[in-house]
Amino acid sequence: MKLMKNKVNKWLSRGLDRHVRLAVTGLSKAGKTAFITSLVNQLLHSATNPRLPLFQPVREGYILGARRIPQRQLLVPSFDFDLNMQALHSQPPLWPSPTTDVSEIRLEIRYRPQKRALRLLQESVTLYLDIVDYPGEWLLDLPLLSMTFDEWSEKQSKILTGKRKTLSKEWLEALDELDPFAELNEKQILDISQKFTTYLYACKEEAGLHWVQPGRFVLPGEYAGAPVLQFFPLVNKSKSESQLKEIPPNSNYGVLKERYDYYCKHIVKRFYQENFSKVDRQILLVDVLEPLNAGVDSFNDMRLALEQLMQSFRYGKTGLLQRLFSPKIDKIMFAATKADHVTPDQHAHLVTLLQQLIHDAWQTASFEGIEMECLTLASIQATEPGLVDYKGQKVAALRGHLLNGDPILVYPGEVPARLPKRDFWEHHQFDFRSFRPIVTDVDEPLPHIRLDKALQYLLGDKLK
Ligand SMILES: Nc1nc2c(ncn2[C@@H]2O[C@H](COP(=O)(O)OP(=O)(O)OP(=O)(O)O)[C@@H](O)[C@H]2O)c(=O)[nH]1
Ligand SMILES: [Mg+2]
């Protein structure tokens, strides 16, 4: 009889278990890894976490706790939570390293059900939470799936202005020498590909630009050195109608086109298939402050890249992501990260600025009946609000340590509430610094700003 009861209970509890797959999206350095690390850290402390007043299951005490369990996808590397925490707890504390590959983490969260019907059946229920982390650059490749090689080449020609024009000089000179319709010259293709890759690295590292496409060229992961990463767009090359009709497969052109198609089909498509088809919830993290600090070029580039990335938010039937991968996303959160870089009185501006940046994606998602929320947060708070004397008055400021360890009290400046106009860039001065994480003890949860609000939005309803 007892055995029977246990079996029924086990069956029942499995029936009540819930699953959430959360996609944490954002451009490179938006703060994805910091967000996941802090979110996992907060949940692992959830039984006694005093830092989560806005997360109802913790505030009302019906969450029992959370623990890490082995992930389902055995071929995907595990998210290195321990290494990230080790960095944050080192002396002096360090930020987690940039992400170079996809990784995943799974949590088992146990709670006392609040719905009466569930309570009668079971004392506790489990929510399994899967979170995936990936390099920001890889997310910019989705639009490639709707472009032919020629369309992509044309698009790349159009953006070769400003800093990109200067950085692309060597690559374009080498490209000038190429006859696209001549028989394949493997050595020449390799040489130009390498120059193109160097140009992409320079866009990312030297110029701090975000729109770096194809994303795998700067973060190749397992494909480093493979021919699938040896192609480039044929910019500034005129091609006649008749030439385009019959491109010999063994010409330089034919091979570049073939590699581009292969890249789209086997790398981009596979990545989205594996990571987005089962997503339930999505958060888009945006670092608005760094590009605002870096100037108009950087800010506009961020907007452009964000636009590309938000193609993944077109969930309607005509949206590329929906057509190819049918994710079942019912809630999206848009978050401006690193809110601890500005004084609390600027947070409202940060939100309105973000709302303007994501306006189009918001409209489309709203039309599809997807629930959305916009907020500003700091996954790992590195500063504390303070006051400075300015012309005899007390003014809001931030107290923290710079990356080199120097203590600092600074007024970082004002965040514009709307998208900045031309004259704004001429007159405005920012002082957004990079701060070192605050020293914390291993047994206390990481300090944050409004991460509990994000948790409530993304998971609160699944823990009822
Ligand atoms: N002050 C502060 N800085 C942050 C916060 N989150 C991230 N940062 C800073 O932003 C940097 C990038 O954060 P990551 O979490 O590595 O960004 P990512 O989106 O994972 O970047 P990729 O892996 O390169 O795509 C960190 O090294 C920190 O310097 C935060 O909450 N507060
Ligand atoms: Mg990362």
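Student: How do the residues of the shell around ligand 1 divide into nonpolar, polar and charged?
Tutor: In this predicted model, the shell around ligand 1 has 9 nonpolar, 7 polar and 4 charged residues.

Student: Which of the 20 residues around ligand 1 come nearest?
Tutor: Those are Lys 32, Thr 33, Ala 34, Lys 338 and Asp 340.

Student: What does the side chain of Lys 32 do there, and what about Lys 338?
Tutor: The side chain of Lys 32 has an N or O atom 2.8 Å from an oxygen atom of ligand 1. For Lys 338, a polar side-chain atom is 2.9 Å from an oxygen atom of the ligand.

Student: Which backbone atom lies 3.0 Å from an oxygen atom of ligand 1?
Tutor: That is a backbone N or O atom of Ser 379. As for cover, ligand 1 on its own has 640 Å² of accessible area, and the protein covers 90% of this.

Student: Changing topic, what does the domain assignment give for the protein chain?
Tutor: It gives domain 1, made of 2-138, 275-380 and 447-463, and domain 2, made of 142-272. Their centres, taken over C-alpha atoms, are 34 Å apart.

Student: How many residues are in contact between domain 1 and domain 2?
Tutor: Domain 1 contributes 26 residues and domain 2 contributes 22. About 2,200 Å² is buried between the domains, with 64% of that area from carbon and sulfur atoms. Of the area that domain 1 buries against domain 2, Glu 137, Trp 138 and Gln 308 supply 32%, more than any other three residues.

Student: How many salt bridges are there between domain 1 and domain 2?
Tutor: The count is 2. Separately, 8 residue pairs are in polar contact between the domains.

Student: What does Glu 137 form with Lys 204?
Tutor: They form a salt bridge, with the closest N and O atoms 2.8 Å apart.

Note on methods. Residues are numbered from 1 along each chain as its sequence is written. Chains are lettered from A and ligands numbered from 1 in the order in which they are written. This is a predicted model: local features need pLDDT of at least 70, side-chain atom pairs count only at pLDDT 80 or more; totals for chains, interfaces and linings use all residues. Side-chain values use heavy atoms; hydrogens and water are left out. A residue is near a molecule or strand if one of its heavy atoms lies within 4 Å of it. A polar contact is a pair of N or O atoms within 3.5 Å; within protein, one must be able to donate a hydrogen and the other to accept it, and residues adjacent in sequence count only if both atoms are side-chain atoms. Accessible areas come from the Shrake-Rupley method with a 1.4 Å probe; for residues, only the protein chains shown count as cover. Ala, Val, Leu, Ile, Met, Phe, Trp, Tyr, Cys and Pro count as nonpolar, Asp, Glu, Lys and Arg as charged, and the others, Gly among them, as polar. Domain bounds come from an automatic or database domain assignment. Contact means heavy atoms within 4.5 Å. Buried area is the accessible area (1.4 Å probe) that two parts lose on being put together, summed over both. A salt bridge is a side-chain nitrogen of Lys or Arg within 4 Å of a carboxyl oxygen of Asp or Glu.
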